[in-house]
Amino acid sequence: MTTMYQRVLSLLMVLLLGMQMVSVGMKNQPKETEIAVERPLLIWYTDPDIQTYMEEAAAETAVKYGIEVHAELVSEVDYIEHISRESVKEQMAGPDVYVASSALLEKAVLAGLVKPVSDAGMEENYSEKAVQAVTYDGKVVARPFYIETCFMLYNSSYVTEEQVPDTIEDILVYAENFETGEGTENVESIFKWNVADVIESYMFLGAYTDLGGLNGDDKSQVSMDLEKIEECMDYYQSLNAFFAIDADTVTSEEVVQEFADGKIVFTIANVPMLAELDRLSEGEVSYTVITLPALTDELDSRGLSVTNSVVVNPYSANVEAAEDCARYLTEGRVSQLYEAAGKLSAYTNFPGERDEAYLTVYEAYEQAAEVPKIMELSNIWLQLEVVLADIWRGASPAEELEAFHELLEEQLD
């Protein structure tokens with residue numbers, strides 16, 4: 001009997017020890033992906049181009065974390081104000097997570113609508129430029145999502161390696177020596193771009209303009225070298241005599257279609273145009289992407305960039321879930337972003353090699369000036385678009401620039 005009792009006791013001790021080991025083992029395992037939330041997680045965004053991506057991401061987030069997630073496309077008009085109104089209601093109705101461009105981050109911070117990102121080592125997954133784009137007053141306030149910038153495209157069937165331009169002046173030399181013949185009979189324009197688009201034409205004054213320093217949030221670092229910019233604008237205006245682009249009728253859609261049809265040799269393009277070109281040509285058009293060339297040997301250029309980001313709303317009742325969702329949106333599935341939405345992710349630390357063209361776009365992004373976060377400068381793009389269009393049509397660069405510079409100073413006072 002004693003022997004039987006001892007055997008049972010020994011067996012119980014083994015079982016208890018085994019259960020204890022399992023318990024300790026479970027405690028050392030990663031957390032289950034399911035997280036508790038007080039209400040369905042809500043994501044807002046304003047760009048219709050990313051609708052499919054956002055809806056699919058919301059569905060995957062719901063499965064991944066075992067929660068209900070909704071992604072809503074909302075109007076970009078008074079976007080931050082809308083978020084603020086809905087967030088401070090007695091029954092919080094604003095988004096837990098929202099997508100915002102870098103230009104809106106100061107407004108979002110001052111409205112108390114950002115929860116700073118506490119991740120260490122963001123530079124391992126994002127470039128320094130991308131981190132600066134989501135930094136305000138020394139704090140990282142959002143997660144970089146996708147990038148926008150400009151670069152040059154040329155038709156590789158028409159341009160030899162020796163003819164790749166270092167400057168816009170080189171394109172003029174190419175135009176002077178161009179002869180229509182077998183293989184080039186479709187060409188209608190040597191150089192054509194949307195001169196009415198301020199982002200695509202910003203390169204002609206960007207090298208001599210500072211809009212807020214590295215992080216785009218310092219009013220003391222807003223400046224324009226008017227003497228140099230006037231030289232650039234004189235040169236910009238002179239291009240109209242060579243290429244005769246109608247600022248009143250040209251569109252980016254028209255330009256990319258003509259490039260796909262082999263009618264244009266060189267163009268200035270942006271990321272959505274590149275995605276559209278890939279869709280239109282289906283690999284049949286041989287093109288090369290290069291960073292923006294200088295204007296001349298004496299006059300440099302610099303493009304403009306916009307970094308769209310994902311922000312966690314501190315008013316959320318589900319901040320932990322919102323942070324996990326923001327991380328998944330910007331890191332977990334962004335390898336699908338270009339195919340689904342024609343956008344290039346700011347996050348680049350995912351498996352697989354990138355096409356040379358896209359690597360060059362990232363290089364152009366790194367070289368570009370980011371749009372400023374300074375709220376007083378939020379409407380300068382409409383004004384600058386008018387200035388550039390007027391100069392293109394023949395207005396005095398000196399007068400237009402002086403008036404624009406005075407407006408800039410007035411808005412910062």
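What follows is a chat about pockets, a cavity and helix packing in a predicted model.

Me: What kind of model is this, and which pLDDT cut-offs apply?
Reply: It is a predicted model: local features need pLDDT of at least 70, side-chain atom pairs count only at pLDDT 80 or more, and totals for chains, interfaces and linings use all residues. Residues are numbered from 1 along each chain as its sequence is written, and side-chain values use heavy atoms, with hydrogens and water left out.

Me: What volume does the largest pocket have?
Reply: About 1500 Å³. A pocket here is an open set of points on a 1 Å grid over the protein atoms alone, with protein on both sides within 12 Å along at least five of seven lines. The volume is the space filled by probe spheres set on the points, which are joined across faces, edges and corners.

Me: How does the pocket lining divide by class?
Reply: 27 nonpolar, 8 polar and 12 charged. Ala, Val, Leu, Ile, Met, Phe, Trp, Tyr, Cys and Pro count as nonpolar, Asp, Glu, Lys and Arg as charged, and the others, Gly among them, as polar.

Me: Which residues line the largest cavity?
Reply: Tyr202, Leu205, Thr209, Leu211, Met224, Ile380, Trp381, Leu384, Phe404 and Leu408. Strand E8 (209–211), H14 and helix H15 (397–412) each give two or more. H14 has the largest share, 3 residues.

Me: And the classes there?
Reply: 9 nonpolar, 1 polar and no charged.

Me: Now the helices. At what angle do H9 and H10 cross?
Reply: Roughly 40 degrees, with the axes coming within 10 Å. That makes H9 oblique to H10. Axes are lines fitted to C-alpha atoms, for helices over the stretch in contact, and angles run from 0 to 180 degrees between N-to-C directions. Under 35 degrees counts as roughly parallel, over 145 as roughly antiparallel, 65 to 115 as roughly perpendicular and the rest as oblique.

Me: Is that crossing left-handed or right-handed?
Reply: H9 and H10 cross right-handed. A crossing is right-handed if the near helix is turned clockwise from the far one by less than a right angle, and left-handed if anticlockwise.

Me: Which residues meet there?
Reply: Ser252, Val255, Val256, Gln257, Phe259 and Ala260 in H9 meet Met273, Glu276, Leu277 and Leu280 in H10. Contact means heavy atoms within 4.5 Å. The classes are 7 nonpolar, 2 polar and 1 charged.

Me: How far apart are the axes of H8 and H14?
Reply: 8 Å, at an angle of about 55 degrees. H8 and H14 are therefore oblique to each other. Met233, Tyr236, Gln237, Leu239 and Asn240 of H8 touch Leu388, Ile391, Trp392 and Arg393 of H14.

Me: What about H8 and H15?
Reply: Their axes come within 9 Å and cross at roughly 130 degrees. That makes H8 oblique to H15. The crossing is right-handed.

Terms used: Helices (H or I, at least four residues) and strands (E, at least two) are DSSP runs, numbered from the N terminus. On a 1 Å grid over the protein atoms alone, a cavity is a set of points where a 1.4 Å probe fits but cannot get out, and a pocket is an open set with protein on both sides within 12 Å along at least five of seven lines; lining residues have an atom within 4 Å of a point.
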